[in-house]
Amino acid sequence: MTASWLAGVGIQYYLQPSLPFGLLALGLSVAFGLVWPYRIRTLNTSLLLCIMFCLGVFSFAEAQRDRDQLDELQQRGTLLIEGIVVTEPDERDTRTLLRVYVERVRWLGAWQKRQGTIQISVSAEHTVAYGDRVIAQGELMPPPVIDEFDYGQYLAQRGVRSLMSPTFFKVIDHHQGQWWREILITIKQKEQKNIESALPEPQASLLVGILLGDDKGLAQDVKEAFNDTATSHIIAISGFNMTLIAGLVQAFFGLFLRSKQWVALLSVITITIYTLFVGASAPVVRAAIMSSVLLFAPLANRPTYVPASLTFTALIMAMFQPFVLWDIGFQLSFAAVLGLALLEPPIRRWLEQTILQAVGERMGQPLFDFLTEPVVAGLAAQAFTLPIVLYHFKRLSTVAMIANLLIVPVQSDVLLFGGIATLASLVWPFVGQMLYTAAWLPLIWTTYWVRELAQLPFAATDATISAQLLLLFAGVVGTTTILEARRALWYERMKSSTRIIARLIFIVGAIILAGTILQRSIQRPDGRLHVYFVDAGQSNTVLIETPQGAVFLLNGGRYPSRLLTLLGDTLPPSQKEIDILWLSSDQPNEISALPEILERYEIKTVITAVRDSRELLYFDLLERLEAQGAAILPADEGRVIETADGVTIQTIAPNRYTTSVSSLVLRLTYKETVFLLTSSLSPEDEQQLMQQQHMIQAHVLQAANHAEENSNSQTWLEAVGPQVIVLQIDPTQFNAEISPQVVEQLEAYPLFRTDHHGTIEVVSDGEKLRFITQR
């Protein structure tokens, strides 16, 4: 039946037939009702399959014709809309995406009642929540096609057909959404903050993605590492996650209830709430329906037939939203489960036989048990998902098997300890904190190996297949499913006893202890100076860690995830303080990331070169810093910061001679090595500073003004005499004004660029310099 339905959808998608398939489905249904009493099996089956085929064509045709009342207002000039935010805001580094259900529109001078869902992109400075009533002014635009990615179809799967980047936006009321969803989102946001306050980056964002289905906090380079190692399925809420959650929930209710019916019912209700809680995306809904089917199947005394349950799930979802079939996450999730159902048994038998013959039963059985999940399940799932990955992402990972072998065995620990810690933190924060320490161990193991393997030059390569080959593969899989799929038992009731509980407590305690010891021992200061020129866009962001662990920060850039990931990689997990923050500018390019940094780290002292500002973002930042208890000081000439380990940072601009109000120049010295950190220097400021040549000579120079015209003059460079220059630029940024002539002048010296090399780390023992680039 599902195959017939999908065939109808495919025919409508590719051929667009004009026959009245809705009427055909109705006529065939009448015929089916007339012949059904005669029990002619072949005829009944044929009619039923024809009905499903016609309904597939009809439903997808209707979905394609379905237009909301806002479509005709696209590209018709500026209008004012009023509506309600109907999903959790999608917060990015520099902007927030809002899905708004529009109730009325002011167009041509009058309010009109028009309904539909649009996506609004507003600045990250706006504070918006689910259920807020908003008004926005701007032009409705159709979603664009980005390269080969049909963004319109992607949004249509989510009920959105129009975009707006408003020139005016305001929240006018709150709590206008569904009360139960608002409660779930509030709890989710609280749990997310608990995770983020307990764990460093990128482990915090990874756990948020695994448990709460929100991976937006992961830095882009971390996401790319997961993609290059074919381990991105770890981040998403998948069938594996849902299966484990369903098993834990069923075991929990089984401790208190004897009725299997009540246990199954409460388990399904819990899974449903969790699905809504994490956003009900297509893969999550698929996993939830599958888990529910598998929970109820034993009650009917019928063994679970995974391919049938899986296709039933796809049929139910496609009936309500045919576009879900084009959702890449749904395709990958469906293929992975089907691969497990078809290929896991023969691979398991082959691997067990091979291992036992090679090393004997005594050593072979434990080894086989260890390899079953990462190797057997990994091979089965990847065999079916690989063609989809190649078609959509055009990328082939050569380290996928090794990566999954290393990290898959610990994912159950991530879910178990992370889930229990997240629940416990809502009631007992202290207990939750200890359990987060246990979850940190498998999380750091996961991120370490993923990122290390992704650094290998052969980790991933470009590869693709055609749509015809993908369809051929789907046809072969469908045939194989019908011919060779077997019934599989999904769940065995968990047994517990006092001895097992005691052993579990001991193991958890040992893991917590080991995690605590390891947390305090790793990423400790190594006795050398580390200076990081951060790839933070068109920004002069620099992170400094002294030999004994003092932490200084210059600016913050635009991208919170990048800076948070660098802080998480650099500092010990328990360190949540930044000793001094220098601010060279009040512009968003330099400070947009800092409000989110303040949510994770405490800044003790702020030294600002900004004298006269009208930027609201800058004043809000100062208010938050003052509320946090930070001392705010001006960047006075000659101010010197000295640390006990021999690092000196001296302010040499602004001074009474410089003309630019935002000229902040710092001279960083450690033994024999000198860094000159500049921000915005006018030609006049360069001339003034060259009168103090002994103060500006340096081994490493941070190029000023992002290589804009009339900056970094040849005379200035000769006066500084750097051995190396670091240029922090982002040519893709719309307001970047990079001068090719200035860049050419800088290239006369050894030059590192953040747009080419990513974040640049300079390590110094006081005599020698070592440069480490991100790429």
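The model is predicted: local features need pLDDT of at least 70, side-chain atom pairs count only at pLDDT 80 or more, and totals for chains, interfaces and linings use all residues. Residues are numbered from 1 along each chain as its sequence is written, and side-chain values use heavy atoms, with hydrogens and water left out. Helices are DSSP runs (H or I, at least four residues), numbered from the N terminus. Two packed helices are described by the angle between their axes and the distance between the axes. Axes are lines fitted to C-alpha atoms over the stretch in contact, and angles run from 0 to 180 degrees between N-to-C directions.

**H14 and H16**

- Helix H14 (residues 400-407) and helix H16 (residues 429-454) have axes that come within 9 Å and cross at roughly 165°.
- That angle makes H14 roughly antiparallel to H16 (angles over 145 degrees count as such).
- The crossing of these two helices, H14 and H16, is right-handed (the near helix is turned clockwise from the far one by less than a right angle).
- From H14, Ile402, Ala403, Leu406 and Ile407 meet Trp445, Thr446, Trp449, Val450 and Leu453 of H16 (contact means heavy atoms within 4.5 Å).
- The residues of this contact of H14 with H16 divide into 8 nonpolar, 1 polar and no charged (Ala, Val, Leu, Ile, Met, Phe, Trp, Tyr, Cys and Pro count as nonpolar, Asp, Glu, Lys and Arg as charged, and the others, Gly among them, as polar).

**Ile407**

- Ile407 lies in helix H14 and counts as buried because its relative accessibility is 1% (buried means under 20% relative accessible area, with a 1.4 Å probe and protein chains only).
- Leaving aside residues up to four places away in sequence, Ile407 touches Thr231, Ile234, Trp445, Thr446, Trp449 and Val450.
- Tyr448 is 41 residues from Ile407 along the chain, and their C-alpha atoms are separated by 9.7 Å.

- Helix H15 (residues 411-427) has 17 residues and reaches 25 Å from its first C-alpha to its last, close to the expected 24 Å (1.5 Å times one less than the number of residues).
- Buried residues of H15 include Val414, Leu415, Phe417 and Ala421.
- H15 and H16 pack at an angle of about 155°, with axes 8 Å apart, and are therefore roughly antiparallel to each other.
- H15 passes H16 in a left-handed crossing (the near helix is turned anticlockwise).
- The residues of the contact of H15 with H16 divide into 14 nonpolar, 6 polar and 1 charged.

Note on methods
Angles under 35 degrees count as roughly parallel, over 145 as roughly antiparallel, 65 to 115 as roughly perpendicular and the rest as oblique. Buried means under 20% relative accessible area, exposed over 50%, partly exposed in between (1.4 Å probe, protein chains only).
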